[in-house]
Amino acid sequence: MPALKRTAVTLLTAAAVTGATLATATTASAASYHCKTSSASVDNPAYSGPWADNYNFDVKLCAKRSGGYIYTYARVDFEGPVSYVNMTDTLDGARFHLQTKKSTSGTDPVVKSANYTGIEYKLEHGNTAGNGSYTTGTIKYKAGSGRYLADGYIQLDWNRDGRGYGNTYFSASPTV
């Protein structure tokens, strides 16, 4: 094989191996989150008419350990009533309460938490079918020894029901 062809083949082989290595590293990095998805349906207690009024939620809670830190986040997919699209008077407030917890025997203590209020806008402005999604920010926590997990719940304050925030809970992520 001429030297020029041999060099080209060597360079292409090296590029292919490097590309495969990068793809593997990217996949491994993305796969390091451990997640659990659970579902719930929430009824608007202020409405008892004939039209659909439930929000159906699928919440994926995720946690990973990397570089001495625990990272947690949640993704919320929802199906809402078409009648709620662009209706800003259905909810007085909504937020996702994300928690990073240390896994212990008994009740897992919360080591860090945050409220993400951007979900209210998403719920009130779903697509034309009333559906949408929302992803929280990521909580970063300096890990000690032991195992950690992501947990959280949606808090909805329905307009005209006089009850304030009601909590809807979901299954925690696996421990990391």
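1. In this predicted model, threonine 100 has lysine 112 of strand 5 as its bridge partner. The pairing of strand 4 with strand 5 is antiparallel and extends over six bridges. Six residues lie between the two strands of this hairpin, and glycine 106 adopts a positive phi near 90 degrees there.

2. Strand 4, residues 91-103, also pairs with strand 8, residues 147-158; the two run antiparallel and are joined by twelve bridges. One of the residue pairs concerned is lysine 101 with leucine 149, the latter being in strand 8.

3. These pairings belong to an open sheet of four strands, whose order is 5-4-8-9 and whose pairing is antiparallel. Strand 5 (110-116) and strand 9 (166-169) each have a single partner strand, so these edge strands are left with one side that has no neighbour in the sheet. On average, neighbouring strands of the sheet are turned by 25 degrees against each other, direction ignored.

4. Which residues does glutamate 120 contact, once its neighbours within four places in sequence are left aside? They are Leu91, Asp92, Gly93 and Ala94. Glutamate 120 itself is part of helix 2, which covers residues 118-124. A separation of 9.0 Å is found between the C-alpha atoms of glutamate 120 and phenylalanine 96, although these residues are 24 apart along the chain.

5. The largest pocket has a volume of about 210 Å³. It is lined by 13 residues, of which Asn44, Tyr47, Tyr84, Thr90 and Arg160 are the closest to its centre. Divided by class, the lining of the largest pocket comprises six nonpolar, four polar and three charged residues.

6. On confidence, the average pLDDT of the protein is 85, and 82% of the residues score at least 70. Residues 3-31 are a stretch with pLDDT below 50, and the model gives this stretch three contacts beyond near neighbours in sequence.

Note on methods. Residues are numbered from 1 along each chain as its sequence is written. This is a predicted model: local features need pLDDT of at least 70, side-chain atom pairs count only at pLDDT 80 or more; totals for chains, interfaces and linings use all residues. Side-chain values use heavy atoms; hydrogens and water are left out. pLDDT is the predictor's confidence in each residue, from 0 to 100. Contact means heavy atoms within 4.5 Å. On a 1 Å grid over the protein atoms alone, a cavity is a set of points where a 1.4 Å probe fits but cannot get out, and a pocket is an open set with protein on both sides within 12 Å along at least five of seven lines; lining residues have an atom within 4 Å of a point. Grid points are joined across faces, edges and corners, and a volume is the space filled by probe spheres set on the points. Ala, Val, Leu, Ile, Met, Phe, Trp, Tyr, Cys and Pro count as nonpolar, Asp, Glu, Lys and Arg as charged, and the others, Gly among them, as polar. Two strands pair if DSSP finds at least two bridges between them. Axes are lines fitted to C-alpha atoms, for helices over the stretch in contact, and angles run from 0 to 180 degrees between N-to-C directions.
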